[in-house]
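User: I am new to this structure and would like a guided look at it. Could you show it to me, please?

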Amino acid sequence: MTPSLTIAIDGPAASGKGTIARQVAVRYGLRHLDTGLLYRAVAVLCAREGVTLEDAAAAGQRAAHLVPADLEGDGLRSAAAGRGASVVAAHPSVRASLLRWQRDFAEKAPGAVLDGRDIGTVVLPDARAKLFITADPDVRAARRWRELSASRDIAYRDVLRDIEERDARDAARTNAPMRQADDAILLDTTDMTIKAAVAEAVRLIDTRLAV
Ligand code: C5P
């Protein structure tokens with residue numbers, strides 16, 4: 001059996017990693033998983049069922065029984081779901097269940113591009129290529145604000161605060177914190193258009209796959 005080709009793309013909120021990962025998957029003919037959606041789905045299930053996000057056992061139960069349809073629900077992309085996701089993401093029981101889900105997805109032929117926070121460090125430490133995508137917080141907040149303000153009235157400063165709080169929580173947790181893997185290539189998209197960032201990501205991945 002040909003081993004699956006796996007590519008890990010990590011980085012903070014609104015760094016461009018999602019768009020880059022989707023387009024990289026198309027470029028290499030791979031499947032794509034936005035792993036943030038898994039954590040968002042657990043948070044949304046907890047909220048819907050009146051479970052407090054701090055209840056690690058209850059959140060772990062939701063993570064263990066997650067089904068693909070849970071990743072398609074309304075409200076997964078909201079700022080509240082993102083905040084909730086970063087709270088449940090700190091529970092080891094949640095991370096353990098979602099780790100299995102992510103690896104099962106990546107193992108299926110022909111392979112996959114996964115984007116998240118701990119893909120290169122924990123989920124797929126043997127990925128063939130790893131990128132860590134970043135950008136200045138104010139640039140990331142402006143990007144996210146443009147997305148969110150298209151559908152509702154939201155203040156830029158609230159988006160910036162949300163992003164800074166989430167980054168801090170994701171980087172500080174003891175279990176699988178957001179971190180650049182030692183063998184990941186850093187791509188700073190602060191001064192790049194998304195088109196240029198995708199082109200640069202493909203160029204960097206090509207150099208890794210050629211080795
Ligand atoms: O990427 P996204 O903003 O959708 O992720 C939502 C939250 O899910 C993150 O802030 C983080 O706390 C958590 N997450 C994680 N590990 C991943 C992906 C997301 O902890 N691999």
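Analyst: The conversation below covers charged pairs and then nonpolar cores. Please note that this is a predicted model.

User: How many salt bridges does a search of the whole structure find?

Analyst: The search finds 14 salt bridges. As background, side chains of opposite charge can pair when their charged atoms come close.

User: Which residue does R144 meet in a salt bridge?

Analyst: The partner of R144 is E147, with an N to O distance of 3.3 Å. Both residues belong to helix 7, which covers residues 137–149. They are 3 residues apart, about one turn of the helix.

User: And is E147 buried or exposed?

Analyst: E147 counts as exposed, because its relative accessibility of 54% is over the 50% cut-off.

User: What about E200, which residue does its side chain meet?

Analyst: The side chain of E200 meets that of R203 in a salt bridge, at 2.9 Å from N to O. These two lie in helix 9 (residues 194–209), 3 residues apart, about one turn of the helix. E200 is partly exposed at 21% relative accessibility, and R203 is partly exposed with a relative accessible area of 45%.

User: Are R173 and D170 buried or exposed?

Analyst: R173 counts as buried, at 9% relative accessibility. D170 is buried as well, with a relative accessible area of 4%.

User: Changing topic: how many residues are in the largest nonpolar core?

Analyst: That core has 33 residues. Those with the most contacts inside it are L38, Y39, V42, L66, L98, L114 and L124.

User: Which elements give two or more residues to this core?

Analyst: They are helix 2 (36–48), helix 3 (56–64), helix 4 (79–88), helix 5 (92–107), strand 3 (111–116) and helix 6 (119–123).

User: And which gives the most?

Analyst: Helix 2 does, with 9 residues.

User: Let us pick L114. What does it touch?

Analyst: Not counting residues up to four places away in sequence, L114 touches I7, A8, I9, L33, T35, Q102, F105, A106, I119, V123 and L124.

User: What does the second, separate core include?

Analyst: The second core has 21 residues, including L5, L30, I133 and A201.

How values were computed: Residues numbered from 1 in each chain as written. Predicted model: local features only at pLDDT ≥ 70, side-chain atom pairs only at ≥ 80, totals over all residues. Heavy atoms only, no water. Salt bridge = Lys/Arg side-chain N within 4 Å of Asp/Glu carboxyl O. Helix = DSSP H or I, 4+ residues; strand = E, 2+ residues; numbered from the N terminus. Buried < 20%, exposed > 50% of the residue type's maximum accessible area, 1.4 Å probe, protein only. Core = buried A, V, L, I, M, F, W, Y, C linked by side-chain atoms within 4.5 Å. Contact = heavy atoms within 4.5 Å.
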